[in-house]
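Good morning, and thank you for making time for this presentation.

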Amino acid sequence: MNAISTVPVTAATLEVPGARLYYEVRGQGPLVVLVGAPMDARSFAPLADLLATDHTVLTTDPRGINRSPVDDRDRDSTPEMRADDLSRLLSHLGRGPAAVLGSSGGAVSALALAQTHPEQVHTVIAHEPPLDELLDDRQELREQTEDMIATFLSGDVRGAWTKFLATANIQLPDEVFEAMFGERDAQTAADEHFQFAHMLRATTRWQPDVAVLRSAPPRIVVGIGEDSSGQLCDRTSRALAAALGIAPTMFPGGHIGFVEDPERFATRLRVALREG
């Protein structure tokens with residue numbers, strides 16, 4: 001995805017243990033962090049532009065993805081490591097506490113940040129975190145994850161994505177699925193390899209400390225896409241909300257609603273931020 005920002009953006013890098021993080025800052029006002037995994041800063045650019053009218057917005061490429069190179073590409077990227085990266089970015093900027101919107105694996109990173117550095121965040125909006133370990137069929141999901149990783153590492157990229165989408169219970173139109181395997185640059189292939197080989201397992205196996213999240217100062221919001229009903233991340237998100245004793249908050253679109261319709265998503269996100 002090659003979204004181009006329509007507002008002034010300051011881009012920079014930060015050296016952290018084992019990686020060099022690329023990040024972008026735009027706008028003025030209260031700090032909001034938009035974070036994904038494996039999605040990088042480009043995917044959040046339209047939403048960031050909309051929020052930048054009255055917020056300072058921080059976006060970043062997670063370690064090992066696109067413009068955030070790592071020293072050792074054979075080392076896993078864990079939620080704890082990515083939470084530490086976010087903590088260092090916040091300290092570097094000298095801003096906070098912040099509101100953090102995490103999507104998918106980025107939601108897991110944001111929850112880990114709330115557990116380990118609660119003083120740096122006042123609100124975490126965890127949008128569809130893939131917390132497989134919260135579900136009764138966790139063992140089957142572990143086996144399916146290991147199978148899709150092995151399939152990818154065997155060289156069967158199409159087969160790995162077919163299994164990934166089947167496990168996630170996401171149905172893509174044939175033309176969209178086929179477009180995933182069209183002309184691809186070296187960076188896209190490298191990011192995809194890092195995702196399957198070094199992000200997926202650690203992210204889906206992460207277990208939140210529910211007692212800490214319930215008692216720590218940050219307000220936790222669990223977001224679910226209105227179009228995600230029945231999908232794996234709908235199930236994991238509802239399990240997290242139930243464990244925390246809160247009702248999930250519905251957002252427009254599906255798993256990547258902020259990409260599908262950033263204007264509607266921004267409107268709902270602003271409401272969620274004000275509710276704090």
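This is a predicted model: local features need pLDDT of at least 70, side-chain atom pairs count only at pLDDT 80 or more; totals for chains, interfaces and linings use all residues.

**Helix pairs, sheet and loops**

I begin with a pair of helices: helix α2, residues 79–93, packs with α3 at an angle of about 70 degrees, and their axes are 8 Å apart. An angle of 65 to 115 degrees counts as roughly perpendicular, and α2 is therefore roughly perpendicular to α3. The crossing of these two helices, α2 and α3, is right-handed. On the α2 side, the residues that meet α3 are P79, E80, R82, A83, L86, S87 and L90. On the α3 side, they are G105, V108, S109, A112, L113 and T116. Sorted by class, the contact of α2 with α3 has 7 nonpolar, 4 polar and 2 charged residues.

Let me now step back to the whole protein. Its secondary structure comes to 12 helices and 8 strands. The radius of gyration is 17 Å, close to the 19 Å that the globule rule gives for 276 residues, so the protein is as compact as a globular protein of that length. Along the principal axes, the C-alpha trace spans about 45 × 40 × 35 Å.

I turn next to the sheet. In what order do the strands of the open sheet lie? The order is β1-β2-β4-β3-β5-β6-β7-β8, and the pairing in this sheet of 8 strands is mixed. Its edge strands are β1, residues 10–16, and β8, residues 249–251, each of which pairs on one side only. From one strand to the next, the twist averages 25 degrees.

Strand β1 and strand β2, residues 19–26, run antiparallel and are joined by 7 bridges. Within this pairing, L14 has L21 in β2 as its bridge partner. The two strands β1 and β2 form a hairpin with 2 residues between them, and G18 in the turn has a positive phi of about 80 degrees. By contrast, strand β3, residues 31–35, and strand β4, residues 56–60, pair in the parallel sense over 4 bridges. Here V33 stands opposite L58 in β4.

Helix α10, residues 232–244, lies across β7, residues 219–225, and β8, and runs at about 155 degrees to β7.

Two loops deserve a comment. Which residues are joined by a cis peptide bond? They are A37 and P38, with omega at about 15 degrees. P38 is found in the loop between β3 and α1. Phi of S104 is near 55 degrees, which is a positive value in a residue other than glycine.

I return to the helices for two further pairs. The axes of helix α1, residues 41–51, and helix α12, residues 262–274, come within 9 Å and cross at roughly 50 degrees. That angle makes α1 oblique to α12. The crossing of α1 and α12 is right-handed. In this contact, α1 contributes P46, L47, L50 and L51, while α12 contributes P262, E263, F265, A266, L269 and R270. The contact of α1 with α12 has 8 nonpolar and 2 charged residues, with no polar ones.

In the last pair, how do α4 and α5 run relative to each other, roughly parallel or roughly antiparallel? The axes of helix α4, residues 138–153, and helix α5, residues 157–168, come within 7 Å and cross at roughly 160 degrees. Angles over 145 degrees count as roughly antiparallel, and α4 and α5 are therefore roughly antiparallel to each other. The passage of α4 past α5 is a left-handed crossing. From α4, the contact is made by L141, Q144, D147, M148, T151 and F152. From α5, it is made by V157, G159, A160, K163, F164 and T167. These residues divide into 6 nonpolar, 4 polar and 2 charged.

That concludes my presentation, and I thank you for your attention.

Definitions and conventions
Residues are numbered from 1 along each chain as its sequence is written. Side-chain values use heavy atoms; hydrogens and water are left out. Axes are lines fitted to C-alpha atoms, for helices over the stretch in contact, and angles run from 0 to 180 degrees between N-to-C directions. Angles under 35 degrees count as roughly parallel, over 145 as roughly antiparallel, 65 to 115 as roughly perpendicular and the rest as oblique. A crossing is left-handed if the near helix is turned anticlockwise from the far one by less than a right angle, and right-handed if clockwise. Contact means heavy atoms within 4.5 Å. Ala, Val, Leu, Ile, Met, Phe, Trp, Tyr, Cys and Pro count as nonpolar, Asp, Glu, Lys and Arg as charged, and the others, Gly among them, as polar. Two strands pair if DSSP finds at least two bridges between them. The radius of gyration is taken over C-alpha atoms; the globule rule is 2.2 Å times the number of residues to the power 0.38.
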